[in-house]
Amino acid sequence: MRIAPKPIETFRDTFTYTNSDEAIQRFPFPFPEDEYMYSVNIEPHTLPGPEGSIYEHLFDIDEHYLSEMAERKIVLEENPKRCIAMEHMDLACWDFIDRAMSTLSVDYPDYFSLQKDGDTWSWENKLLGIKDTFTFGDSSTLPQPPMEYMGCQVQGDIALLDQRDNDLFLDAGVVTCPADWSLAFDAGMSFSQWHGPVPLAHEAGIFDRALKYLTAIPVGQPVRRLNWTLTINARMDTSPETYPDWGHERDTVTEENVGEKVYLRVELQVLDRMPRSNALMFSIRTFLISMDDLVKNKDWARRMHRVMKTLPEELIEYKGLSRYHPTLVTWLKQFDPEN
């Protein structure tokens with residue numbers, strides 16, 4: 001671990017979340033060009049990645065680990081349906097446990113350890129004070145259902161996609177920090193169904209190509225992509241279920257507070273084939289950075305202005321930016337005087 005966990009910060013109410021200088025430096029700025037348009041943008045997630053980067057390990061753990069685990073606990077207490085595992089996904093959930101425990105204990109040995117004696121496994125998470133011995137594959141030997149147990153120990157949301165009939169189905173997951181989508185609503189949907197609302201991409205055939213690619217991913221060759229949107233305040237949970245809590249915040253952005261209130265929200269999405277169940281693990285690791293912190297990097301500031309200035313109207317509407325997009329573009333222009 002290159003950045004040790006900080007004390008718990010909040011993603012609601014007081015919004016005490018902040019990024020250290022190190023966290024800003026490793027932030028995954030998602031725009032390789034001055035204009036943005038949807039693309040498949042999938043690439044191999046070759047491990048280990050560059051040392052200290054968000055790509056170094058399969059599961060990235062950083063200074064916000066304790067904060068995100070605390071936020072997940074709050075969300076699940078408020079709405080247990082944020083964690084779903086259909087009955088036929090039990091084996092996939094155990095695949096997820098195996099993948100997470102095996103890699104975390106190797107990648108972060110100071111914080112996680114795993115001992116195996118046949119089907120008897122002993123797991124310790126020193127960051128959360130968890131120490132359990134259980135029988136692999138026997139859910140009755142865990143203190144929580146498998147999806148919830150492991151999902152509450154990794155940063156980022158997890159979805160497990162069942163593959164059948166040459167399609168992928170969202171049949172299990174723990175999702176407590178979604179960007180305006182709902183696990184409870186999308187559960188059981190096919191790949192094309194849960195991407196139905198996305199504008200422009202269907203006409204370009206992006207999802208047809210992506211599905212063909214994803215269903216062919218072999219075991220041991222994970223892939224990744226970056227996705228992005230904007231969020232008001234450092235709020236992780238922007239689900240439809242909690243819209244009354246955050247929807248009105250889009251009207252609170254002014255020329256004076258735009259740098260403080262508007263956050264770029266980037267998702268590192270990794271897809272990894274599970275060996276026993278043939279399911280795809282879809283991990284969504286979310287990173288937040290305020291505009292004030294983002295513009296400390298002059299190249300990012302200039303490009304952010306150009307991307308926002310040229311963003312198609314359909315994407316502005318789809319991503320929910322309409323109410324404050326003009327204010328943001330005007331504020332960013334000071335960092336890109338030639339445009």
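Seven strands of this predicted model form an open sheet in the order 1-8-9-10-6-7-2, and their pairing is antiparallel. Strands, like helices, are DSSP runs numbered from the N terminus, with at least two residues (E) for a strand and at least four (H or I) for a helix, and two strands pair if DSSP finds at least two bridges between them. The edges of the sheet are strand 1 and strand 2 (83-85), each of which pairs on one side only. Within the sheet, strand 6 (residues 157-164) and strand 7 (residues 167-174) pair in the antiparallel sense over seven bridges, and Asp162 has Phe169 in strand 7 as its bridge partner.

Residues are numbered from 1 along each chain as its sequence is written, and side-chain values use heavy atoms, with hydrogens and water left out. Because the model is predicted, local features need pLDDT of at least 70 and side-chain atom pairs count only at pLDDT 80 or more, while totals for chains, interfaces and linings use all residues.

**Salt bridges**

A salt bridge is a side-chain nitrogen of Lys or Arg within 4 Å of a carboxyl oxygen of Asp or Glu, and by this rule the count comes to 24 salt bridges. Three of them are set out here.

| Pair | Closest N to O |
|---|---|
| Arg285 and Asp62 | 2.9 Å |

In the terms used here, buried means under 20% relative accessible area, exposed over 50%, and partly exposed in between (1.4 Å probe, protein chains only). Arg285 is buried at 5%, and Asp62 is buried at 4%, whereas Arg303 is partly exposed at 24% and Asp34 is partly exposed at 28%. Arg285 and Asp62 also belong to a network of salt bridges that links them with Arg26, Asp60 and Glu68.

**The largest cavity**

On a 1 Å grid over the protein atoms alone, a cavity is a set of points where a 1.4 Å probe fits but cannot get out, and its lining residues have an atom within 4 Å of a point. The largest cavity is lined by 13 residues, and Tyr17, Asn19, Asp62, His64 and Phe287 lie nearest its centre. Strand 10 (residues 280-290) gives the largest share of this lining, four residues.

**Ile8**

Ile8 has its place in the segment before helix 1 (21-25), and with 56% relative accessibility Ile8 counts as exposed. Leaving aside residues up to four places away in sequence, Ile8 touches Leu66, Ser67 and Ala70, where contact means heavy atoms within 4.5 Å.

Notes
On a 1 Å grid over the protein atoms alone, a cavity is a set of points where a 1.4 Å probe fits but cannot get out, and a pocket is an open set with protein on both sides within 12 Å along at least five of seven lines; lining residues have an atom within 4 Å of a point.
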